[in-house]
Amino acid sequence: MSTHATARRKLAAPTVSMLPRTADSLSFLYLDIVRIQQDDTGVCAVVTTEQRGTEIVYLPTAALSCVLLGPGTSITARALATLARHGTTVVTSGAGGVRTYSATVPNSLSTRWLETQARAWTDDNERLAVACRMYEQRFGAGTVPRETSLARLRGLEGQRLKALYKLLAQQHRIGRFKRVYDPAAWDEQDPVNLALSSANTCLYGIVHAAIVSMGCSPALGFVHSGNQQSFIYDIADLYKAELTIPLAFTLHDAPHPEQAARRHFREGLRLFRLMPRIVSDVQRLLDPADAAHEPEDLEEELVDLWDPVSGVLPGGVNYARSAE
C-alpha cells in the first residue's frame, strides 16, 4: 500500500476526542435508492441515475445523529461499522419514512443515565413523578397544579391537542380535521395526516439517536409502555406541538406531503437546535436535581464493579488480598 493511501486511511479513522457531543450533532439524513459503502476516505452514498450517471456523495458521519434508510437502500458492513463507531443511529424505515422497522444502537461510554432511568422506572412513585413532569412541560410551567392526577393530565393533554388541531385547521381553512394513522390504508389519508406521520417518523429517529447516545433505553417509557420505543414516544411528544403538527398543516395542499414534510422538517431543525434540547430535557426529567451533569464523558473508562456496601468499586483491580 502506498504512503498516500496509508495517510488517507489514518485521517479517516476517528479518535474519541474527535467525536462531537450528542448535543452538537446534526439531526438526520434520509436516503433511499442508493448504495452506502466505505472507501479509503469515508462513508459515501453511491447514487445512480439515467440523467447524471453514477455520483458519489460523502456523508458527514462524525456529525450525524441519525441516518434513515428508505426503500431501495443497501449498506455494506464496513460502512455500518463506521457509523456505529461514530455513534450514529441507523434506522430502517418504510416507503416515505412511514414506519420504523429497526435501529442500530451505538456504543455508549457510560451507563450513568441508563441506571438513573432504570431506577426511576422501577419505582412507581418516581415513575409517576417523571410522567407528571413530562405532561407539565407540554402545558408550560405553573399552568397545572402539582397535585393534579395522572388521569387528569392525560385528559388535559387530549383537550390541548384537540384545541390545537381545531385552531390550525381554521387558520389554513381546511375544515374539520381528525388525526388518523392507518398504514393499511395509507394512500387514502388526507395530506395533513400523511405529512404529520412522515414528520413524526423523522422526529422519532432523532429522539432515538439522542436517547441511545446518552446510554438510555428506548424501551423504558414513563407515559408509554409495552413497546421497544416507549421512551422515544415519551420524549417526542414534548415537541410535536411545536414542530411536526404546525408543519403538517402548512402542507395541506402539497402534492407529495410525505417528502415535503421530511424536507421542511430538516430545514426547520437548523434553527430549532433540537439535539441539545433533547439531551437537557431527558436529564432534567429523569433527575432534576442533577440535570447539569454532562451525559457524555469522552475519556475511556474501565467498567466498574458493583458492591452492595459501597455501591461501586474500580474495575481493572486485582482484589485477591481483600478476599483472604
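Helix α6 packs against helix α10 (residues 274–286) at an angle of about 55°, and their axes lie 10 Å apart. Axes here are lines fitted to C-alpha atoms, for helices over the stretch in contact, with angles running from 0 to 180 degrees between N-to-C directions. That angle makes α6 oblique to α10, since angles under 35 degrees count as roughly parallel, over 145 as roughly antiparallel, 65 to 115 as roughly perpendicular and the rest as oblique. On the α6 side, Leu203, Ile206, Val207 and Ala210 make the contact, meeting Leu274, Met275 and Ile278 of α10; contact means heavy atoms within 4.5 Å.

This is a predicted model, in which local features need pLDDT of at least 70, side-chain atom pairs count only at pLDDT 80 or more, and totals for chains, interfaces and linings use all residues. Residues are numbered from 1 along each chain as its sequence is written, and side-chain values use heavy atoms, with hydrogens and water left out.

Now to α5. Its buried residues are Leu153, Leu156, Glu157, Leu164, Tyr165, Leu168 and Ala169, where buried means under 20% relative accessible area, exposed over 50% and partly exposed in between (1.4 Å probe, protein chains only). Their cover includes α4 (124–139), α6 (191–213) and α8 (244–250). After α5 comes Arg173, with a positive phi near 55°.

| Cysteine | Relative accessibility |
|---|---|
| Cys132 | 12%, buried |
| Cys216 | 5%, buried |

The structure holds zero disulfides, a disulfide being a pair of cysteine sulfur atoms within 2.5 Å.

How values were computed
Helix = DSSP H or I, 4+ residues; strand = E, 2+ residues; numbered from the N terminus.
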